[in-house]
Amino acid sequence: MEKRSEAPIKSTKFRKLSDVDMTEVQLNSLEDLRSKDSVENGSFQGEGHSVPNSNSPVQHSKWFRSRLFIISVVFSALLMTAMCIGFVVHYGMAGDVGDMEEVSYWPVNLPKEQQEWYDQGIDELKKAVSREFNRRRAKNVILFVGDGMGPNTVTAARIYGFKEEGLLSWEHFPDMGLLKTYCADKQVPDSFSTATALFGGVKVNYETGGVDANVPLGNCTASLKEDHHVQTILKWAQVDGMRTGFVTTTRVTHATPAALYAHVPDRRWECETGMKDEDRDQGCMDIARQLIELPTGQKINVIMGGGRQMLVSNVTDSPADPLDTWASKSADGRDLIQDWRRKKEADGVSHAVIQNNRELWNLNGQDIDYLLGIFANGHLMYDHERDRGESGMPSLSNMTLKALEVLGNSDKGFLLVVEAGLIDQAHHRGTARRALNEVLELNTAVESTLSFLKSTDRLDETLVIVTADHSHSLTINGHAERGSSILGFAGKSKTEQTPYTTLTYGTSYQGFQVDPDTQKRRDPTGDNISDWEYTQQAAINTDENLHGGSDVTIHADGAMSYLFHGVHEQSYVAHAISYALRIGRFRDSSIAETLAELTPI
Ligand SMILES: [Zn+2]
């Protein structure tokens, strides 16, 4: 026999019924009983299982004392009992499920191939019906962005890390939706335009950031007009006295973080060499200088990531910290890290500059109000290849937890943006395994953050969001066996007999290769397909794997997480965060002012 009951979950009770021996009940017989029950179930309501009393008036006639009468009574009793049993084993218990007061279910003895999914169904149902809205105003927001982490990337990473039946940490969150990622002028966007949608609430042109769609790509003149500047949740949070910060595995001047604080018409303007002379002469400022020299950047409490080659001129490189040859590097003699330090000294605020693991580990974040951590010339190294020692680069989790130490030291709450930027970088190079591994690092960072929030009793007052800025053209091809490596082979082409891997890309650099002998797709059987450097085949050759245009998921937990619930424009995220925090146009004072205007004197 099963245990009689389970602990109630919040307001909804789950009770596993067990007081009838169900060991012999099978689904087929249940169906029979259900159809029988459906004919006569008007006689039974609720959970009463007893044989109903006969209320027939007693008449002292011979007939009632006859054998026929006794047989009729016995038959009726048996029939009623059968109907009662039929009712209680009836699947669905629709009345109970409908009012959500109590959900009852019967254990059934099924083959294990069915039982595991029945048990799984009950577990998921318990979570679904016991959901409660946390309507608390959010004090803090932590927004995780997996750059280029489209739905297929998430599925593949889940299988890579936890097999088909596993879940990533954010997939346990109670609320989720989808974001439409197109930007103002392109069906498939880049990270700068999508980050501006996420943080500023406005869709803008491809490869522009912090400026609205009045500003064409690369147009310095239009970008200088303040009317065209898109404000962000980071600025609104600062206006309300909240602490703000961001952490990224890319350069701190790269597209996603730059959209928090910069207003430029071209994402390549990370330092002066990424701009034209005439644009600089007109007064346009590169992204690195905007971070260090303009008020929004100067008020950011935590800045962590790579990008030294944009902040400091003529930096030296090493195998453990190479220069990023895909990007510009400063040569005008600047040392913006030193400038940041001098400004903080002049302002008389507690601060620290850190540049490796040892300095990060030794820092007590609660002792300082401002932190600049620059750990690489370019992007940080992929997690699987970074130096984990004292002079090496930190993990995303370590940076995130250190940021929370600094930001959590405030009564007015904080806003933290965490970008797992190397998912996108790995995808661009066509190296799927690296991309999946970076998703798992994001997973660890989210887990660490949830543990921190729980241990400091802050989860209920914090809105935690995990989303992506855009997708990639990663495809999961059929039909590998369940339990197969996601990096393995899926099968053979039925028309060409050539094997293919489960993961391929839509576009990639030399991703589609033709065998000169057969003039068909090259057979990858001899390739080391599980190597970190392995580049999956693709349908179309171009300079690199390009972004994909599918929607991305958004998951939320904590204060006001229910705001994410359907198919949203990506720009909605900034508005929802503003509302949850009551910042920007949802500030209490502005609401009061609006009400005052609307109320006749
Ligand atoms: Zn990208």
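1. The unreviewed UniProt entry lists Asp147, His254, Thr256 and Glu419 under "binding site". These four residues span 273 residues in sequence, yet no two of their C-alpha atoms are more than 11.4 Å apart, so they gather at one spot. The coordinates come from a predicted model.

2. Asp147 is placed in the loop between strand S3 (140–146) and helix H5 (151–162). This residue counts as buried because it has 27 C-beta neighbours inside 10 Å, where 20 or more are required. Leaving aside residues up to four places away in sequence, Asp147 touches Ser191, Thr256, Glu419, Ala420, Gly421, Ile423, Asp424 and Asp469.

3. Glu419 belongs to strand S9 (residues 414–420). With 29 other C-beta atoms within 10 Å, Glu419 is buried. Beyond residues up to four places away in sequence, the contacts of Glu419 are Val145, Asp147, Thr248, Thr249, Thr250, Thr256 and Pro257.

4. A separate point concerns an open sheet of 3 strands, ordered S12-S15-S16 with mixed pairing. Strand S12 (474–476) and strand S16 (538–541) stand at the edges with a single partner strand each, so one side of each has no neighbour in the sheet. On average, neighbouring strands of this sheet are turned by 25° against each other, direction ignored.

5. S12 and strand S15 (residues 503–508) run antiparallel and are joined by 3 bridges. Within this pairing, Thr475 stands opposite Thr504 in S15.

Definitions and conventions: Residues numbered from 1 in each chain as written. Predicted model: local features only at pLDDT ≥ 70, side-chain atom pairs only at ≥ 80, totals over all residues. UniProt positions renumbered as here; feature names shortened; annotations may be inferred. Helix = DSSP H or I, 4+ residues; strand = E, 2+ residues; numbered from the N terminus. Buried ≥ 20, exposed ≤ 12 C-beta atoms within 10 Å, placed from the backbone. Contact = placed C-beta atoms within 7 Å. Pairing = 2+ DSSP bridges. Axes fitted to C-alpha atoms, helices over the stretch in contact; angles between N-to-C directions.
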